[in-house]
Amino acid sequence: MLQALPVKLETSGDEKALLLATMKKYNEAANFLAEQAFRLKIANKVELQKRFYYQLREQFNLSAQFAVRVISKVVEAYKKDKRIKPVFRELGAIQYDQRNLSWKGLDRVSMITLKGRIKLRTRIGEYQKSRADRIRGQADLIYRKGEFYLIAVVDAPEQSEFDPVGAIGVDLGIENIATDSDGQVFRGETIEKARKRYNSLRARLQKKSTRSAKRHLKKMSGREKRFKRDINHVISKAIVSKAKGTIRAIALEDLSGIRSRATVIGRKQQRDRHSKWSFRQLRAFVEYKAKRDGVPVKFVDPKNTSRECPKCHNIDARNRRTRNHFKCTECGYEAMADHVAACNIAARAAVNQPIVAPLFSAVTSPLALAVGS
Ligand SMILES: [Zn+2]
């Protein structure tokens, strides 16, 4: 499976200015060519190259490779819908490949700019280093918050699944974004605060409905999306690495279960919070990372996971008196509600797919050891 690996570049003031100038020229050239392609209704690479290659090189001072990349970029975008003239951002990404960029390990990179090649150091972690041997030629240069990054493509092998010893049940967000059957809660004041801030700001802007309010809303939704994505990455990573470290499978409910349960609780506000948090994405991240790390994922019937007592299995809507609190009407067992749901999910995974491998063999099999270490 291919994976995107962001690598931060260390740049001096001069180097940064040079990269910025290169980026601007590159996108300026792309916008110029898009204009021509649109005017002449040409979406054919060879034809555009024939007509504009030299002009791109001279007028925009592009290297041969950049001129070719600009042509590909424009053709790709214009082909999608010929009724629309593609417009590229001033600081849009530059696509590099092995002809205009080369890696020395992952520590150093040499790349073409408007003024020839420059060599830069990168700032990378151990995890990224371990992926260096799988790096492919292509990488996108992007500019974010005053820093340059190369988004490299690495070939990450999927690991074969290990034999799990039990499962971690994960309950996705009634009160918290995620709670597992060990009782760990994935929430954070920062998340809650940001969520409130976004919600109230959005409400205010929606009332206004002026053009600038609309623009603001659009910008905000992008920022909010990135924030949620980051949080979902952090949570999914924590869940998967815990499962891997304890040789357990991950048990999840069906997505449809989240919605219907929220409806049963009948709090509109609560329901809004659910639909607004990107659970689909969180689940996709968990599945993706699990697959990558060889962690089995099991799906269970979500029915009554929040109402069943994990001790005596009494199912009763009154077991869940409030959103947070579970108390069994039969045996009196009490716990945090999301934790109870997570325990039920874990138990169902164990019942659904009995684990045949005895504990001892699972722990001592070479695969399990490799995975656990
Ligand atoms: Zn009970």
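Residues 24 or more positions apart account for 67% of the contacts (heavy atoms within 4.5 Å) with a separation of 6 or more in the protein chain. This is a predicted model, where local features need pLDDT of at least 70, side-chain atom pairs count only at pLDDT 80 or more, and totals for chains, interfaces and linings use all residues. Residues are numbered from 1 along each chain as its sequence is written, and side-chain values use heavy atoms, with hydrogens and water left out.

Now the overall make-up. The protein chain holds 12 helices and 14 strands. Both are DSSP runs, numbered from the N terminus: helices are H or I with at least four residues, strands are E with at least two. Of the 373 residues, 45% are buried. Buried means under 20% relative accessible area, exposed means over 50%, and partly exposed lies in between, using a 1.4 Å probe and protein chains only. The chain exposes about 20,200 Å² (Shrake-Rupley method, 1.4 Å probe), and carbon and sulfur atoms supply 51% of that area.

Next, look at helix H3. Helix H3 covers residues 64–80, 17 residues in total. Its first and last C-alpha atoms are 25 Å apart, close to the expected 24 Å. That expected span is 1.5 Å times one less than the number of residues. Among the buried residues of H3 are Phe66, Val70, Val74 and Tyr78. An α-helix has 3.6 residues a turn, so residues three or four places apart point the same way. The buried residues of H3 pack against helix H1 (13–40) and helix H2 (45–60), and also against strand S2 (94–96) and strand S4 (108–113).

Turn to a sheet. Here 5 strands form an open, mixed sheet in the order S10-S9-S8-S11-S12. Strand S10 (185–186) and strand S12 (297–300) are its edges, each pairing on one side only. Two strands pair if DSSP finds at least two bridges between them. Strand S11 (residues 249–253) runs parallel to S12, and 4 bridges join them. Leucine 252 has phenylalanine 299 in S12 as its bridge partner.

Finish at the zinc ion. Which protein donors hold a place around the zinc ion? They are the SG atoms of Cys309, Cys312, Cys328 and Cys331, lying 2.3 Å from the ion. Donors are N, O and S atoms within 2.8 Å of the metal (3.2 Å for Na, K and Ca); water is not among the atoms, so sites may look incomplete. In sequence, the donor residues follow the spacing C-x2-C-x15-C-x2-C. Cysteine 309 is buried, at 0% relative accessible area, whereas cysteine 312 is partly exposed at 34%.
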